[in-house]
Amino acid sequence: MDKLPDGVADVVWIEGSPTLGKVTADIAAPMEGKPGKLWYFLFALALLGLLDLLAMATWLVANGIGVWGLNNSVGWAFDITNFVFWIGIGHAGTLISAILLLFRQKWRTSINRSAEGMTIFAVMCAGLFPLLHMGRPWDAFFIFPYVPNQHGPLWVNFRSPLVWDVFAISTYFTISLVFWFLGLVPDFATLRDRAIGKIKKVVFGILSLGWNGSHRTWHRYELVSLVLAGLATPLVLSVHSIVSMDFATSLLPGWHATIFPPYFVAGAIYSGFGMVLTLLILTRQSMNLQRYITIKHLDAMAKVLLLTGMIVSYAYATEFFSAWYGGDIYEKYHFINRATGPYAFGFYLMVLCNVLTPQLFWFKKLRQNVAVLFVASILVNIGMWFERFVIIVVSLHRAFLPASWGMFYPTPVDIGILVGSFGLFFTLFLLFIRYMPMIAIWEVKTVVADQQHTDAALAHAAHAGEGSSHGK
Amino acid sequence: MASKILVATFTQVDDMLRAVKQARREMLRVYDVFTPFPVHGLDEALGVRFTRLAKITLIAALTGLSFALCLQFYANVLDWPLNVGGKPDNTGLAFVPISFELTILFAGLITVGSFLLRAKLFPGKKVWLAHKSVTDDTFAVVIRRPPAEDVHQRALALLKECNAANVTEAEADL
């Protein structure tokens with residue numbers, strides 16, 4: 001056999017050729033049994049973080065944003081850094097679910113569900129920060145155009161990137177949520193039909209919308225998924241481009257750069273894949289899903305990290321080059337200050353984590369070593385947080401007039417809210433892997449069925465071609 | 001208006017596909033097939049007409065685009081022109097991001113909404129299952145029970161020949 005027939009899988013992504021029933025049982029198992037000690041430990045930790053967030057946010061709203069370390073020179077610091085960081089984390093989910101769907105990458109099926117969930121939780125964390133930064137979160141609706149309206153100027157300024165951001169993030173959140181839910185419907189039906197408890201039956205019954213596996217519905221369903229993927233792909237690129245315009249449309253040295261949109265998008269995917277890797281390594285170990293989230297999946301993600309990490313590194317170099325080649329003294333000073341000023345540690349940490357760390361993934365041995373991947377994925381996240389910190393704080397603290405230079409020092413509330421946002425994120429994520437199918441059951445079944453088809457085709461070919469030589 | 005049906009269950013995709021094709025060749029009326037995942041090749045076998053939902057997406061996208069452009073133009077030019085740095089009121093380029101986002105938002109939500117309407121999926125719907133494990137590992141082909149006894153026997157033989165695990169008679173609204 002020279003070539004596999006069309007539509008036949010050539011790589012085995014799911015190990016051990018499980019039967020369809022076994023796939024359902026394996027993936028539903030974590031939801032039906034009691035979670036292990038690791039889950040309880042992590043959940044307790046996450047709840048502590050969430051409590052910390054609630055306390056800090058209450059303190060902040062009661063006292064005003066003066067409890068943060070912001071000052072006249074540095075008016076944006078941890079808040080917007082965290083906002084951009086979390087939005088970036090979310091991007092990997094949409095990339096995996098939408099872009100890889102369009103490219104028909106089979107390996108996405110084991111990881112897309114949890115990555116999409118991660119997107120939604122990350123965007124929720126991100127949305128928190130502009131809200132808190134307003135100081136009066138109950139007036140947040142001012143930023144939406146609405147009628148009737150008795151507050152000052154009648155409309156929002158549609159020419160402001162901050163308003164674009166509101167539209168971009170709201171659309172992103174809504175579409176991601178709908179996409180995620182739609183993907184879950186057939187799995188909710190599967191869970192409904194195997195549920196033993198009454199409450200589960202009712203809840204999954206409502207969530208599954210009466211799904212019964214009709215092929216006529218599947219046919220429409222597949223087209224709708226494809227359409228949503230087609231819409232989400234430009235959407236995900238637009239969201240971080242618009243986030244980057246919050247900076248790029250200003251005149252501040254270090255922000256005023258034309259490469260910001262692609263640079264931010266690549267960075268977002270890089271950080272998002274870092275986070276997906278962290279979460280998947282934790283879940284596959286704690287939920288016994290090594291057969292479905294295989295070393296090959298981790299290997300593929302490491303390759304994406306290598307690619308996007310190098311795009312990010314290239315953007316860092318370009319920024320320095322344009323500052324030097326452009327000859328603008330403020331720009332030049334900014335980049336000298338970035339590498340040698342009081343916040344230089346942030347810059348070097350960012351280079352270490354985002355430029356050097358991904359270089360490990362040139363080596364297959366390291367790409368397939370779970371411990372190395374886990375440590376690297378955490379470094380990626382640290383590096384990407386510091387990238388945003390460097391861009392935001394270092395640019396603001398020494399802009400044009402030396403008379404208005406200043407320093408930013410985080411207060412305990414700054415740090416408390418950052419830590420707390422991780423608490424919120426992990427609480428939601430841990431609840432998700434406990435109560436929902438964290439791997440798309442029906443999508444894994446399509447891959448498994450394809451593999452069985454391949455096995456049968458190969459066996460058939462081997463049988464038919466006995467005696468003659470045939471390589472793949 | 002319940003109709004009499006035959007429900008044939010299969011454990012293998014290929015057997016099910018063969019059964020659907022042969023049943024249609026024998027002029028048996030195949031209502032639908034119930035599967036745990038979308039099976040490729042079933043569209044042709046079942047003769048499903050390609051869905052028109054994509055057209056709705058296009059209409060919805062254009063609606064979103066026009067709405068966004070009208071909203072921004074009305075707010076920034078007609079209703080309350082605001083001088084921001086001396087820039088002209090009708091700055092088309094600045095309207096691009098929001099127009100884009102609303103295009104996507106409208107297209108996505110309306111497409112999904114139409115899908116749910118068309119497929120009659122809604123919370124609280126009473127579910128009818130062809131077989132208890134069609135959402136797990138069973139493929140169920142639903143055929144109209146032929147009124148004539150000899151055709152009925154032929155249908156049963158055909159399904160059996162295609163390795164049907166089980167064939168039952170039932171009544172259902174389809």
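**Reading the calls in a predicted model**

Trainee: What makes V185(A) in α5(A) the site of a kink?

Mentor: The bend at V185(A) is about 35°, shortly before the proline P186(A). A bend is the angle between axes fitted to the seven residues ending at a residue and the seven starting there. Note that this is a predicted model: local features need pLDDT of at least 70, side-chain atom pairs count only at pLDDT 80 or more, and totals for chains, interfaces and linings use all residues. Residues are numbered from 1 along each chain as its sequence is written, while chains are lettered from A and ligands numbered from 1 in the order in which they are written.

Trainee: Why is α5(A) called largely enclosed?

Mentor: Of its 34 residues, 24 are buried, so the rest of the structure largely encloses α5(A). Buried means 20 or more other C-beta atoms within 10 Å of a residue's own; exposed means 12 or fewer; partly exposed lies in between; C-beta atoms are placed from the backbone.

Trainee: Why is I382(A) classed as it is, then?

Mentor: I382(A) has 17 C-beta neighbours inside 10 Å, so it counts as partly exposed. I382(A) sits in helix α13 of chain A, residues 370–397. Leaving out residues up to four places away in sequence, I382(A) touches L349(A) and C353(A). A contact puts two C-beta atoms, placed from the backbone, within 7 Å.

Trainee: Is M27(B) buried or exposed, and how do you know?

Mentor: M27(B) has 8 C-beta neighbours inside 10 Å, so it counts as exposed. M27(B) lies in the loop between α1 (13–25) and β2 of chain B. Its phi is near 65°, a positive value in a residue other than glycine.

Trainee: What about K120(B), buried or exposed?

Mentor: K120(B) is exposed, with 11 other C-beta atoms within 10 Å. K120(B) is in the loop between α4 and β3 (139–144) of chain B. K120(B) is not a glycine, yet its phi is positive, about 50°.

Trainee: How do you know whether chain B is spread out or a compact globule?

Mentor: The globule rule is 2.2 Å times the number of residues to the power 0.38, with the radius of gyration taken over C-alpha atoms. For 174 residues the rule gives 16 Å; chain B has 26 Å, well over that, so chain B is more spread out than a compact globule. Along the principal axes, its C-alpha atoms fill a box of roughly 85 × 30 × 30 Å.

Trainee: By class, what makes up the side of chain B that touches chain A?

Mentor: Here 59 residues of chain B are in contact with 50 residues of chain A. The chain B side has 36 nonpolar, 12 polar and 11 charged residues. Helix α4(B) supplies the largest share, 14 residues.

Trainee: Which residues touch the most other members of the largest nonpolar core?

Mentor: Among them are V276(A), A8(B) and V141(B), in a core of 182 residues. Such a core is a set of buried Ala, Val, Leu, Ile, Met, Phe, Trp, Tyr and Cys residues joined through C-beta atoms within 7 Å.

Note on methods:
Helix = DSSP H or I, 4+ residues; strand = E, 2+ residues; numbered from the N terminus. Nonpolar A, V, L, I, M, F, W, Y, C, P; charged D, E, K, R; others polar.
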